[in-house]
Amino acid sequence: MATRFDVAVLGDGPAGDNLARALGKAGQRVLMVEAAELGGECLNAGCIPSKALIHLARERGHVPWAEVQRELAKVTTEIRGSAADGGLPGDGVRLVRGTASFAGRDLQIDGEAVAAKQVVIATGTSPLMPPIEGLTEAQPLTNRTLFKMRELPRRLAVIGGGPIGLELGQALAMLGTDVTIFASGAIAPTEDCDVAAALRRHLIASGLEVLESVSIGRVRRTDGVVTVSVGRGVRRFDELLVAAGRAAVIPAGAVEAGLKLDVDGFIAASRCGKTSLPGVWAIGDAGGGPAFTHHASYQAHHLARHLIDGRCPGRPRELLVPWAIFTTPEVGHAGMTEEGARRVHRDVRVVTLAANRVDWFRVARQSEGFVKVICDSRTGRLLGAHFFCAQASTLAGEAALAIQMRLRVKDVANTIHPYPTSSELFRWACAALVE
Ligand SMILES: Cc1cc2nc3c(=O)[nH]c(=O)nc-3n(C[C@H](O)[C@H](O)[C@H](O)COP(=O)(O)OP(=O)(O)OC[C@H]3O[C@@H](n4cnc5c(N)ncnc54)[C@H](O)[C@@H]3O)c2cc1C
């Protein structure tokens with residue numbers, strides 16, 4: 001390719017796409033290289049199809065699988081847009097379909113050399129296969145194949161008790177599948193202990209089987225039946241979904257060229273995305289860190305400012321990455337858990353407020369759940385807020401803002417929130433900490 005680009009971006013997921021468009025709009029000569037579909041894991045096999053599936057299952061319960069698939073395809077196409085080039089050229093980005101690799105320090109696309117002053121690796125992750133005997137041979141479903149499966153299984157085993165396994169497992173259970181979750185430790189291990197316990201109780205009460213601290217000995221698929229061996233017992237299922245973590249996708253030749261990885265195989269990168277290779281940056285899930293679309297997009301805009309201004313801009317002192325688990329009820333996570341706060345702060349105050357104390361939850365007939373808010377006893381500064389209730393994913397946004405802006409519980413308590421809304425749950429919990 002004759003053109004010499006200012007920046008070559010490898011991968012059109014949320015990280016690469018946001019970066020490329022920001023640089024293109026700023027007048028840089030940008031090349032986007034994408035090996036598969038535009039939009040990355042999030043749009044094609046992650047956030048979007050999973051949330052569309054959950055929405056449908058919540059609203060309508062037992063929906064035929066063919067109808068679910070039609071709806072998921074519709075939503076994905078709508079969000080991607082109909083243009084084959086994703087509208088990238090309109091934002092000043094040249095798109096090339098192909099697989100990027102390194103030959104020494106040189107970048108190639110499907111073996112053809114490309115010249116770029118800077119290269120940004122935004123190649124994301126792929127599903128991790130835990131080392132279980134027979135697992136690969138049993139051809140389990142992953143998030144990349146689940147949405148394309150031909151029919152809804154009657155009995156599904158899920159390996160993995162993190163957000164992906166819980167969200168997809170519960171959604172398929174709502175559609176009518178018998179679901180068993182196998183977790184090597186506790187489910188939802190990143191959550192506050194009260195939230196994880198409430199989620200566990202809810203899942204079990206709604207009919208899922210949740211097996212924790214389980215070590216799977218072997219998996220087999222014979223004549224359409226999947227067997228999972230645990231201890232001396234053998235369980236039989238129609239399908240198996242693996243959602244047991246993610247592995248970084250590293251372009252071929254990059255490590256040989258000197259790209260350093262961390263102990264987990266993710267690209268070792270500085271706060272700004274600088275890697276061990278001069279002129280090579282890494283952002284998004286491939287660089288480790290919180291694996292969320294909103295984090296990948298944040299990193300993209302941060303690096304864009306750097307590549308445009310030539311310096312690493314400062315970040316807020318308290319960079320907080322909130323997240324949600326889109327189970328029903330949802331989990332919303334902002335800031336420290338109670339256990340985490342007690343490790344760092346000498347005196348903390350904690351309040352738990354039931355959702356049914358707030359009128360919106362009663363009006364909406366979604367009164368299950370609670371919020372737990374944690375603050376520093378001495379200063380009243382907010383440290384964490386953890387929601388397990390309807391609209392928890394949205395509520396975590398306000399809590400994240402309050403914590404990042406170093407607000408005190410009385411600041412939130414003194415802010416009038418509209419009635420009747422779920423947002424009052426956070427305000428009332430903060431007010432309880434002031435009293
Ligand atoms: C089932 C599931 C549900 C999820 N739900 C949520 C959610 O609700 N909210 C949330 O915030 N996050 C969610 N995530 C996480 C989210 O999808 C990721 O954090 C996000 O996609 C990361 O973006 P990325 O740009 O780093 O990588 P990716 O989205 O993985 O994109 C990487 C791109 O690089 C391309 N690529 C790879 N190698 C090459 C190469 N050598 N040359 C050219 N192109 C290449 C790939 O084809 C891909 O398009 C979910 C993930 C999964 C799996």
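Two strands are taken to pair if DSSP finds at least two bridges between them. In this predicted model, strand E4 (residues 100–103) and strand E5 (residues 106–109) pair in the antiparallel sense, over four bridges. Phe 102 stands opposite Leu 107 in E5. The two strands E4 and E5 form a hairpin with two residues between them, and Gly 104 in this turn has a positive phi of about 65 degrees. Strand E5 is also joined, by three bridges, to strand E6 (residues 112–121), and E5 and E6 run antiparallel. Within this pairing, Glu 112 in E6 is the bridge partner of Ile 109. A hairpin with two residues between the strands is again formed by E5 and E6; Asp 110 in the turn takes a positive phi of about 45 degrees.

Two packed helices are described by the angle between their axes and the distance between the axes. For H3 and helix H6 (residues 163–175), the angle is about 35 degrees and the axes lie 9 Å apart. The crossing of H3 and H6 is left-handed. Residues of H3 in the contact include Leu 53, Ile 54 and Ala 57, which meet residues of H6 including Leu 168, Ala 171 and Met 174. By class, the contact of H3 with H6 comprises seven nonpolar, one polar and two charged residues.

The shell around the ligand draws at least two residues from each of helix H1 (14–25), strand E2 (30–34), helix H2 (40–45), helix H3 (47–60) and helix H8 (293–309). Of the 37 residues around the ligand, Gly 11, Gly 13, Gly 40, Gly 124 and Gly 284 come nearest. The shell contains 18 nonpolar, 14 polar and five charged residues.

How values were computed
Residues numbered from 1 in each chain as written. Predicted model: local features only at pLDDT ≥ 70, side-chain atom pairs only at ≥ 80, totals over all residues. Near = placed C-beta within 6 Å. Nonpolar A, V, L, I, M, F, W, Y, C, P; charged D, E, K, R; others polar. Axes fitted to C-alpha atoms, helices over the stretch in contact; angles between N-to-C directions. Left-handed = near helix turned anticlockwise from the far one by under 90°. Contact = placed C-beta atoms within 7 Å.
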